[in-house]
Amino acid sequence: MISIHLKSTSILKILLVYLMAGRLVFAHDMHEPSSYELQEVAAGNFVHVGLFPPHSADNRGDIANIGFIVGDKCVAVIDAGSSLHVGLALKRAIHRVTSLPICAVIITHVHPDHLLGLNAFIQDDSVIVYGHHRLPKQIRTRSKFYLQALEQYLGVSNTDDHAVDATLITPVDGLLSIDLGNRLVEIKSWDYAHTDHDVSVSDVKTGTFWAGDIVFSKHIPILDSNIRQYDEVLEELQNLDVKHYVVGHGPLDRPWHILLREQRGYLGVLLKEVRAAIKNDVSLMDAVNTVGWSERDKWHNFELYHRRNVTTSYTDLEWED
Ligand SMILES: [Zn+2]
């Protein structure tokens, strides 16, 4: 788990790798995207599919899948995007779909591509922002580095307006249901998965499961937590009755069980080979370049995140009995 145990320089380095995705993007930010696409994955569940980081200078930081659910009374937004620019683009898209007000914004976890567009939605006092009960602490710990990275690497000149107020978060511990008007939405907090503070969202009416970054599609899974418990969560998700899904990154047209099988396959290789490396006294420096590289051609952005996954699992498993 990298978040709070590492020195600030290490955290910054990791965040910069994470954020490099949109590096050249914000130079073009004064222009509106020519088109903003939404996919209705199930009745009333709309998603904007982000691009795979970081290969395009044109992606404008639009790298995560973010969206919203429309009830009879109001709208719940799920994740706010990398910046105000991305958040505002989603907000405008919502207003094109419905005239109902936004009553909830659910932040699935602290990573900047899901969080930093939040201020686009909170001008209205009636909006309640939900997140894992550990999210406020994560915001306080990491915000400074996220904002530095926005400024330094994404070229956002004034980051003050992106600063997220951790006290805004209504904490979710366990399962919380919100009613959007004839539509119940369940927010569930998980213990250790992609991070130690993920929430998922279920639209009960359509059986649509919004996984945040707990599940990835074609994009390499990113481990910012504990590999063994993450796999247990994925096992639990394999047994869920999921009719439709939204994942944090990647295409949404592939069978749910395939996504989980692929992801558990990757984590299984990582777990096995990291344990072997530790047992055989392979140093972390060597392990990052050898462990799990058979998975290389299966995933987008493998080179960008795989070494970090090895590092996270190695430093965790080193102390295993
Ligand atoms: Zn994430």
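**Exercise 1.** How many residues does the hairpin use to join β3 to β4? Describe the pairing on both sides of β3 in this predicted model.

*Solution.*
Step 1. The hairpin runs from β3 to β4 through four residues.
Step 2. Strand β4 covers residues 75-78 and is joined to β3 by four bridges, the two strands running antiparallel. Within this pairing, V70 has V75 in β4 as its bridge partner.
Step 3. Strand β2 (residues 45-48) is also antiparallel to β3, again with four bridges. Here H48 is found opposite I66 of β3.

**Exercise 2.** Decide whether strand β3 is enclosed or left open by the rest of the structure, and sort its residues by the direction in which they point.

*Solution.*
Step 1. A residue counts as buried if 20 or more other C-beta atoms lie within 10 Å of its own.
Step 2. In β3 (residues 66-70), five of the five residues are buried, so the strand is largely enclosed by the rest of the structure.
Step 3. In a regular strand, side chains alternate between the two faces of the sheet.
Step 4. I66, F68 and V70 point one way from β3, while G67 and I69 point the other way; all are buried.

**Exercise 3.** Give the strand order of the sheet, and explain why one side of β1 and of β7 lacks a neighbour.

*Solution.*
Step 1. The sheet is open and has seven strands, in the order β1-β2-β3-β4-β5-β6-β7, with mixed pairing.
Step 2. β1 (39-42) and β7 (169-172) are at the edges and each has a single partner strand, so one side of each has no neighbour in the sheet.
Step 3. On average, neighbouring strands of this sheet are turned by 25° against each other, direction ignored.
Step 4. For a parallel pair, take β5 (residues 102-106) and β6 (residues 128-132), which are joined by three bridges. In this pair A104 lies opposite I128 of β6.

**Exercise 4.** Classify the packing of helices α5 and α6 by the angle between their axes, and list the residues that meet.

*Solution.*
Step 1. Two packed helices are described by the angle between their axes and the distance between the axes.
Step 2. For α5 (residues 227-238) and α6 (residues 256-279), the angle is about 160° and the axes are 10 Å apart.
Step 3. Angles over 145 degrees count as roughly antiparallel; α5 and α6 are therefore roughly antiparallel to each other.
Step 4. The crossing of α5 past α6 is left-handed.
Step 5. From α5, the residues I227, Y230, D231, L234, L237 and Q238 meet H257, L260, Q263, R264, L267, L270 and L271 of α6. By type, the residues of this contact are eight nonpolar, three polar and two charged.

Technical notes
Residues numbered from 1 in each chain as written. Predicted model: local features only at pLDDT ≥ 70, side-chain atom pairs only at ≥ 80, totals over all residues. Pairing = 2+ DSSP bridges. Axes fitted to C-alpha atoms, helices over the stretch in contact; angles between N-to-C directions. Parallel < 35°, antiparallel > 145°, perpendicular 65-115°, else oblique. Left-handed = near helix turned anticlockwise from the far one by under 90°. Contact = placed C-beta atoms within 7 Å. Nonpolar A, V, L, I, M, F, W, Y, C, P; charged D, E, K, R; others polar. Buried ≥ 20, exposed ≤ 12 C-beta atoms within 10 Å, placed from the backbone.
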